[in-house]
Amino acid sequence: MDLENFEGNAQALRSILKLPFSDSEFGMNLTAAVINTLIKYPCCSKDIDDKAENIQYHKMGFFQADEELVQRICRKTGTLAVGSYVRHPLTFLLEAADDISYGVPDVEDSFKKGLFSYHQLRKKIADKIQKYDKNDKYYYVKEAQQKLTELYVKGLELCSSVKDAEMYAVQNWLQYIKGWLMWCAAYSFSINYTAIMKGEYHKELLEDTYHEKTLEILKETAKDYAFTHTSIMKLEISAHKLLNSLLDKFVPAIIYFDCKNAGFKQQKIDKKVTSLLSSNHVANYRKEASKLEGEYKERDALYLRLLLVTDFLSGMTDTYAKTLYHELDAID
């Protein structure tokens with residue numbers, strides 16, 4: 001189930017725990033608190049429930065191959081007790097920082113690329129406001145809309161063109177919203193501190209805050225104007241083909257790699273393919289495989305070999321992946 005639910009957060013954890021070349025058993029040798037904070041979803045693949053009220057079960061946070069280390073780390077920080085994981089308190093702040101640091105720049109970047117205009121942004125806010133109940137959140141979004149208008153008017157006074165005025169308004173408005181979101185995250189953490197420290201807080205920090213709806217508008221704007229833009233869709237399609245092509249070559253080749261059973265041998269072409277694997281990743285695989293024992297040893301070794309492939313591909317830069325794809329598919 002790990003490979004069916006492959007998740008970037010879990011792979012990032014492997015990247016700092018096991019993949020760096022180091023004498024330390026914890027890879028990059030970060031503190032337990034830092035590592036634990038990075039485990040946004042303390043949940044293995046068999047426990048995923050994207051409908052759960054507790055957000056920590058929405059995604060896989062670590063591979064089963066890494067669970068022993070995760071357990072040791074969580075016991076040190078007190079986030080594993082009576083066989084049950086809870087989120088590290090700082091994980092909530094990390095998650096809020098992710099939302100803010102991606103939500104605001106995504107909108108700003110797509111605006112700078114001309115994917116939408118000031119007037120389209122203002123209309124989206126106005127359309128969303130009409131759907132909200134008139135509570136505190138409604139008035140804060142309304143206030144944000146008024147701030148955008150004020151900045152546009154000020155931009156027309158200060159700037160030499162309407163285009164510059166729009167840029168002035170949107171950029172300054174996004175900074176204004178970012179400041180509010182940071183305040184909301186800090187406030188939410190402080191008022192929910194006791195529940196967070198007890199492991200009883202199960203939502204995102206920015207949920208149910210004054211600007212929850214404003215963040216929602218930012219995410220929808222990025223989705224509507226950036227992520228579904230033709231140029232982005234083309235890029236995703238080409239990346240999908242690239243990754244599938246590399247997986248189609250490395251996965252069959254790795255099946256019998258380093259296999260001790262004399263009845264199962266790699267073909268010559270498979271040996272050539274696996275010779276391209278990173279020596280550090282291969283060394284990590286052999287280190288982990290040497291610990292296996294019992295009747296499921298061969299099955300578990302195959303699982304580790306498949307992780308060897310995902311480790312290798314995940315560690316590639318875009319440029320290297322593209323170059324390797326062209327070379328192996330004989331594309332000029």
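**Exercise 1. Find which lysines gather in a patch of positive charge on the surface.**

Step 1. This is a predicted model, in which local features need pLDDT of at least 70, side-chain atom pairs count only at pLDDT 80 or more, and totals for chains, interfaces and linings use all residues. Residues are numbered from 1 along each chain as its sequence is written, and side-chain values use heavy atoms, with hydrogens and water left out.

Step 2. Apply the rule for a charged patch: its residues have over 30% relative accessible area and no salt bridge, and like charges are joined within 9 Å. Lys and Arg count as positive, and the place of a Lys charge is taken as NZ. Areas come from the Shrake-Rupley method with a 1.4 Å probe.

Step 3. The patch of positive charge consists of K265, K268, K271 and K272. One of these, K271, sits in helix 11 (residues 268–274); a helix here is a DSSP run (H or I) of at least four residues.

**Exercise 2. State how many salt bridges the structure holds, and describe the pair K124 and D224.**

Step 1. A salt bridge requires a side-chain nitrogen of Lys or Arg within 4 Å of a carboxyl oxygen of Asp or Glu. The structure holds 21 of them.

Step 2. K124 belongs to helix 5 (residues 118–129) and D224 to helix 9 (residues 212–227), so the bridge ties together parts that are 100 residues apart in sequence.

Step 3. Classify the partners: buried means under 20% relative accessible area, exposed over 50%, and partly exposed in between. K124 is buried at 13%, whereas D224 is partly exposed at 40%.

**Exercise 3. Count the disulfides and examine C44.**

Step 1. A disulfide is a pair of cysteine sulfur atoms within 2.5 Å. The search of the whole structure finds zero.

Step 2. For C44, the nearest cysteine sulfur is that of C43, 5.7 Å away, and C44 is in no disulfide. C44 is buried, at 5% relative accessibility.

Methods: Patches are made of residues with over 30% relative accessible area and no salt bridge: like charges are joined within 9 Å, nonpolar side chains (Val, Leu, Ile, Met, Phe, Trp, Tyr) within 5 Å. Helices (H or I, at least four residues) and strands (E, at least two) are DSSP runs, numbered from the N terminus. Buried means under 20% relative accessible area, exposed over 50%, partly exposed in between (1.4 Å probe, protein chains only).
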